[in-house]
Amino acid sequence: GFPPPEPRMETRAVFGSIDFTGCMPDISKEQSLIEFEGANDSAMFVILSDVWLDKPKVMNKLRVLFEGYSQMSPPPFAFVFMGNFTGETHGANLPRVLKEGLDSLADLIAEFPLTESHFIFVPGPLDPGPGNILPRPPLSTFFTERMTAKVPTATFTSNPARVRYGAQEFVLFREDMINKMRRNCILPPVDDDGETEISAHLVKTLVDQAHLCPLPLHVRPVYWEYDHALRLYPLPDLLVLADKFDSYNLTYEGCTTINPGSFASSDFGFQVYWPSRARVGPAVSREDFDRRVEYSSVP
């Protein structure tokens, strides 16, 4: 069996004065940050995965997406784009194709009044980088120069990445983990009733192991010096396991875990996370708590 999971609240009760992210040097400000979350009840994170910028249809759907959200007041707090950013390998032409796609996306974003929104880019396993190894560094400035110039709120992160909003911590990870875990499991994952909810098995495995990629090194190599970047301790408030597998949303040991699914190869679906609703417990408002994550798609 797995080690017993440790909920985030239990970890905080023991290490209450320690901020593991290093983003909040004064832990006494946490209560004011929680109040900030509640006051900004319209703040949302729009999360997309497999945003294939080399596909014209994807770019057209992104235009529709921006047109809709730009009419909101205020607009979304952040758009999270997770790789892969191309739908084909393109061989030696991949750097040129990806740069052209990001340049076109920068021009598209600049057309809309979204200056208050943040744009977060997390590279995928097939995007340009230093081989098949985790964690992956951000995309090179060769690809991002125009985006950062035209969209000052754009941030290119590593994979995985950690984001702090108020007092909440998010972990963003783009990897096709379900296929890798299923191919390397000893026994097929089956529930007590004989059915298989593969996404629930994946989430339980990662949370119980407190690690994003508990696989042998020959299956998924990891930089030893940066293995701590893959650890899930303490548990985050939101864990995004972006995968080409079907979209899902579930909670285990107080950790909300979602997979937005593949934007390009599905019905152009994505998920929206509301931090203020997540702070409301189910005992206070079951409706708001259940609506902290919403699935949507671009028509």
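These legends describe close-up views of a predicted model. Local features need pLDDT of at least 70 and side-chain atom pairs count only at pLDDT 80 or more, while totals for chains, interfaces and linings use all residues. Residues are numbered from 1 along each chain as its sequence is written, and side-chain values use heavy atoms, with hydrogens and water left out.

**View A. N159 in the loop between β4 (154–156) and β5 (161–165)**. Strands (E, at least two residues) and helices (H or I, at least four) are DSSP runs, numbered from the N terminus. N159 counts as buried because its relative accessibility is 0%; buried means under 20% relative accessible area, exposed over 50%, and partly exposed in between (1.4 Å probe, protein chains only). Its side chain reaches the backbone oxygen of R174 at 2.9 Å and that of P123 at 3.1 Å.

**View B. The largest nonpolar core, of 38 residues**. Such a core is a set of buried Ala, Val, Leu, Ile, Met, Phe, Trp, Tyr and Cys residues joined through side-chain atoms within 4.5 Å. Among the residues that touch the most other members are L62, F66, L105 and M147. Elements giving two or more residues to this core include α3 (56–69), α4 (94–110) and β3 (118–122). A second, separate core of 24 residues includes V171, L239, Y248 and C255.

View C. F143, T144 and M147 are the buried residues of α5. They lie on the same side of the helix because they cover an arc of only 65° around the axis, taken from the directions from the helix axis to the C-beta atoms. These buried residues pack against α4, β3 and β4, with contact meaning heavy atoms within 4.5 Å.

Definitions and conventions
A polar contact is a pair of N or O atoms within 3.5 Å; within protein, one must be able to donate a hydrogen and the other to accept it, and residues adjacent in sequence count only if both atoms are side-chain atoms.
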